[in-house]
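Colleague: I have the sequence and the model open, and I would like to go through them with you step by step. Could we begin with a single residue and then widen the view?

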Amino acid sequence: MHAEVVKSVLAVAKVIREEITRLELEIPPDEGLPAKGQMIMSRALTKGTPFYVVRIAEQINSSYENGTFDACAVMMRRLIETLLLAAFEYHGLDAKIKDPTGEFFQLGPIIQLALAEKWNLSRNTKRALPTLKDLGDKSAHSRRFLAHRDDIDRVRDGFRTAVQELIAIAGLK
């Protein structure tokens, strides 16, 4: 009887260990998983840029591929903001986008100031920046708005153009 109990306990322990191993394999690594297929932007676009730009781009692609479109929109907004800050800093103009205490303005005023700069932004980028901010804001702050694939697809080309231009203007590549 004792041997049968020990065998049963060992069998249950083996099943539990296998289940734990299976669950551990399903947990993504600390830095997330890169998209395998459907991407918003090519990895070549951010290759050679600072690690944080590459990671944000990976999160954008991964969230799009996995259908988490609000997350995708928020991360797209974050990348645009990050690149605009880098552009102002690169050109020694960061004081223009800070309040008297040294805090950066919110994205809306930063976009307006960027549009006024002599950076020769394309018409596509000039149109895309406010639209990307609006979509990201709705995805982050609107209780009843849920982004869909077509919301992202509608801004995709302008996003790619804006990212490429801002990476160049910010001297990140």
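Modeller: Let us begin with Asp137, which is buried, with a relative accessible area of 17%, where buried means under 20%, exposed over 50% and partly exposed in between, using a 1.4 Å probe and protein chains only. Please keep in mind that this is a predicted model, in which local features need pLDDT of at least 70 and side-chain atom pairs count only at pLDDT 80 or more, while totals for chains, interfaces and linings use all residues. Residues are numbered from 1 along each chain as its sequence is written, and side-chain values use heavy atoms, with hydrogens and water left out.

Colleague: Which residues is Asp137 in contact with, leaving aside its neighbours within four places in sequence?

Modeller: Asp137 is found in helix H6, where helices are DSSP runs of H or I with at least four residues, strands are runs of E with at least two, and both are numbered from the N terminus. Contact means heavy atoms within 4.5 Å. Once the neighbours within four places are set aside, the partners of Asp137 are Arg77 and Ser142.

Colleague: Is Glu58 buried, exposed or partly exposed?

Modeller: Glu58 has its place in helix H3, which covers residues 51-65. Because its relative accessibility is 23%, Glu58 counts as partly exposed.

Colleague: Why do the buried residues of H5 lie on the same side of that helix?

Modeller: In helix H5, residues 107-116, the buried residues are Leu107, Ile110, Ile111 and Ala114. They are on the same side of H5 because they cover an arc around the axis, taken from the directions from the helix axis to the C-beta atoms, of only 100°.

Colleague: Which helices are included in what covers the buried residues of H5?

Modeller: The face of H5 turned away from its buried side carries exposed residues, namely Gln112 and Ala116. The cover over the buried residues, by contrast, includes helix H4 (69-90) and helix H6 (123-141).

Colleague: How many helices and strands does the protein have?

Modeller: Read from the N terminus on, the elements run α-α-α-α-α-α-α. The secondary structure therefore comes to 7 helices and 0 strands.

Colleague: What is the radius of gyration of the protein?

Modeller: The C-alpha trace spans about 85 × 35 × 30 Å along its principal axes. The radius of gyration is taken over C-alpha atoms, and the globule rule is 2.2 Å times the number of residues to the power 0.38. For a compact globule of 173 residues the radius would be near 16 Å, but for the protein it is 22 Å.
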